[in-house]
Amino acid sequence: MNWLAHLLLAEPNPEARLGNLLGDLVKGETRKTLSPRLQRGLQCHQAIDSFTDRHLIVKRSKSRIDYHYRRFSGILIDVFYDYILANNWRDYSDISLTKFTTTLYASWSDILGTLPLYSQRVIYHMMAEDWLLSYQTLAGIENTLARISYRLNRRRQRNYDLTSAIPELSANYFDLEQDFQDFFPQLKQHVDRWHVVN
């Protein structure tokens, strides 16, 4: 799952939600420097990813992606699912997506300064450009894939352009939406159990 789903599924406190983002931004020994509540959010992120990566419905969604993009099908489905979530937000939340994002950003004002610098920079950009709300639009998804492509290019010293996969979302939208609607309640149930047990 991509960031919007992680934030919606996190425990409803600022540290847990912010910690859910840090699963993609803080690696290795640096994780041990985070506060316990941030670490709990990060552990929830890992529980979400583990459940998602092995789920048969998600594998079915990945199989819908053209073989040219199959290597990156997991990344694409994560982002495409956030587009579907953003466009069906009322089915999963009692407050509007706009209110959710603005309240979320405001709640982090006193915490962001405690994060590693790279994480701070990414999250400040996310808030300033309102990436989460932009997931409602194809342009927002294209920008998200452009950012991911940039990170892949820097890490692997190759030229990847995942923005060219946008037609995969349009062509498969109705099937992917059905996959998401079948999968997301199962994921929510899994995460709710995780919160109780851990």
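Predicted model: local features only at pLDDT ≥ 70, side-chain atom pairs only at ≥ 80, totals over all residues.
Me: Which element gives the most residues to the lining of the largest pocket?
Reply: The largest pocket has a volume of about 660 Å³, and 25 residues line it. Elements that give two or more residues to this lining are α1 (3-9), α3 (36-53), α5 (73-87) and α9 (138-156). With 7 residues, the one that gives the most is α9.

Me: How many charged residues are in the lining of the largest pocket?
Reply: The residues closest to the centre of the largest pocket are D24, I75, I148, R151 and R155. Asp and Arg count as charged. By class, the whole lining has 10 nonpolar and 5 polar residues, and the number of charged residues is 10.

Me: Which elements give two or more residues to the lining of the second largest pocket?
Reply: The second largest pocket holds about 260 Å³ of space. Its lining consists of Y118, R121, V122, H125, W131, R147, Y150, R151 and R154. The elements that give two or more residues to this lining are α7 (117-129) and α9.

Me: Are α5 and α9 roughly parallel or antiparallel to each other?
Reply: The axes of α5 and α9 come within 10 Å and cross at roughly 155°. Angles over 145 degrees count as roughly antiparallel. The two helices, α5 and α9, are therefore roughly antiparallel.

Me: How many charged residues are in the contact of α5 with α9?
Reply: On α5 the contact is made by I75, L76, V79, F80 and Y83, and on α9 by L138, I141, T144, L145, I148 and L152. By class, this contact has 10 nonpolar residues and 1 polar residue, and the charged residues number no residues.

Notes:
Residues numbered from 1 in each chain as written. Heavy atoms only, no water. 1 Å grid on protein atoms, 1.4 Å probe; cavity = no way out; pocket = protein on both sides within 12 Å on 5 of 7 lines; lining within 4 Å. Points joined across faces, edges and corners; volume = space filled by probe spheres on them. Helix = DSSP H or I, 4+ residues; strand = E, 2+ residues; numbered from the N terminus. Axes fitted to C-alpha atoms, helices over the stretch in contact; angles between N-to-C directions. Parallel < 35°, antiparallel > 145°, perpendicular 65-115°, else oblique. Contact = heavy atoms within 4.5 Å.
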